[in-house]
Amino acid sequence: MEIDQSKVSETKTAYISMEIGLESNIPTYSGGLGVLAGDTVRSAADLEIPMVGVCLCYSSGYFYQLFNERGEQKEKEIEWSFFYEFDKVEKPIEMKIEDKELKVSAWLYRVVGQSGHVVPIYLLTTEVEGNEPWKQKLTGSLYDSTSKWNRIVQEMILGIGGVKLLNSLGYKNIDTYHMNEGHGAFSTVELYKNLNEDLEHVKQKCAFTTHTPVPAGHDRFNQELVRKIFQDRFPPKLLEIGSENNELNMTLLAMNCSRYINAVAQKHGETTREMFPNHDIDAITNGIHLPFWVSKPIKNIFDRKWPNWKANPDVLSNAIEIDDLELFDAHLENKFNLINYQKGHSWNLLDEELITLGFARRFATYKRAVLIFHDLDRLGEICKGEVQFIFAGKAHPRDQAGKEYIKKIFEAGEYLYDNYGVKVVLMENYNIDLAHMLVSGVDVWLNYPERYREASGTSGMKAALNGVLNFSVLDGWWIEGYKMKKESGWAIGKFPEEYKEGENINDWERDANEIYDILEDEIIPTYMNHDEWLFKCKNAIALASYFNTHRMIEEYAKRAYNLKKQKPWKYEVS
Ligand SMILES: *Cc1c(COP(=O)(O)O)cnc(C)c1O
């Protein structure tokens, strides 16, 4: 494998992430965090940011999802072998787990930007000759939660192994180790050792992004266990500043070792500042990589109208100029595409005439997938002959409540079909490819998480880019999106500050009724009026001028990476 040494020494930023969605079939992601990481490095490559990425290479991925006839989730290990796309790092690094030596090697995946600039991504693996079988399994599956021990070890491989590997490859001029979520926070342990136990110096080198708006979501480890696995190699100083009630908290560790900390949407910034009042916390709203997420028919419109749109997504703010008929045809093509695909994958066939509402994301319970089925008879009455639904998503293998939600969707679908002829389709194995089809092929994109738990959310941005209207609770990015362009969709409920002290902000009954009212009084009547609908679709597209990772990575470059905006990171499209 050849690495261009001049590029290595120019590299300033190391991006460290437990998941990264490079391609649909490379199973190094489970949800939004990984897809965001993928979009980040795609934009970094386009804008020629001198970046290198680090993640793990999961030999059996997250999992392949199937449903049985009762709507129960079945998980299958993924077997994959795209290694011909990768180069292997020849010389493994060595690190210690308890008192045992572990060899860690990596596969190199190259993310190539519009102008040819490469962001190398090193996917760490313990499937290395010389490692015993139990060691080779350590990088087996993503979020291996069989035990806390496994989890800590995987995070050690990412953080410690990652920093060691970059050093061994000659990345000596890294100014910023960017920890994308707390999983990578053990990198501070290796940096602390390399920088002569100078905490201030470690701090100057690190930046941290948090994605988790609730305390329970942060990784915490019992100090005893940490001591057992690290033995005497965990610096007491770091254990002290990273712990709370005798537990090591990866978020705290990362925050206390970083010169720069940010949340991923403006509201999420507020929530995070309340959770960590002693830290200076910035907010950079997430985005999506537009060329990756735009559907072909919509891309064709953009290409004709604004040949330079990829380099300069600002032009999409003029989306209102798009020709109605062209947009209508493009959307119809996307809808046919989705329905055609769906026909091959589920017994219940969708109907292209009907308003199609889509919901797809991880079935974590806070996302409340089943909220819309709160009153099935009211929903059935409203939707019959007018509206149909398509759902997709995975529940974490150990999340029983999430799996129950999947069953409830199945059961609600049967009831609605038997009593009202309303179709609810549930698609298996949500991944990036299916996301592409869903976010462009449905008419309305649903999202109704518990309020202030969605740090940002990004699937709604993908929908907007493709002219699909958001119908969402005002949380995460949609607070900003809806403020920017109210015409681009509908809000379920009020803005955060409009709820009264003591009011239950997540009242299911109230939220469900709000959904039914809007569906009945606004969405269905508007759909009947082509001009009004298309006007809204164009407003949705205009949001993409802001909610994209080019804008986002420029904010990171300035504020988190201290990079100067100059020639190396602006590309021209040929
Ligand atoms: C975009 C995306 C997500 C994130 O969706 P949210 O709206 O943030 O929940 C999850 N999974 C896949 C496959 C995606 O493409």
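In this predicted model, the axes of helix H4 (residues 148-168) and helix H5 (residues 187-194) come within 6 Å and cross at roughly 50°. Axes are lines fitted to C-alpha atoms over the stretch in contact, with angles from 0 to 180 degrees between N-to-C directions; helices are DSSP runs (H or I, at least four residues) numbered from the N terminus. H4 contributes Gly159, Ile160, Val163, Lys164 and Asn167 to the contact, and H5 contributes Ser187, Val189, Glu190, Leu191, Lys193 and Asn194 (contact: heavy atoms within 4.5 Å). By class, this contact has 4 nonpolar, 4 polar and 3 charged residues. Asp, Glu, Lys and Arg count as charged, Ala, Val, Leu, Ile, Met, Phe, Trp, Tyr, Cys and Pro as nonpolar, and the others as polar.

Around the ligand there are 14 residues, of which Lys367, Gly457, Thr458, Ser459 and Lys462 come nearest (a heavy atom within 4 Å). For Thr458, a backbone N or O atom lies 3.0 Å from a ligand oxygen atom.

Residues are numbered from 1 along each chain as its sequence is written. Local features need pLDDT of at least 70, side-chain atom pairs count only at pLDDT 80 or more, totals for chains, interfaces and linings use all residues, and side-chain values use heavy atoms, without hydrogens and water.

How values were computed
Helix = DSSP H or I, 4+ residues; strand = E, 2+ residues; numbered from the N terminus. Polar contact = N/O pair within 3.5 Å; in protein donor to acceptor, adjacent residues only side chain to side chain.
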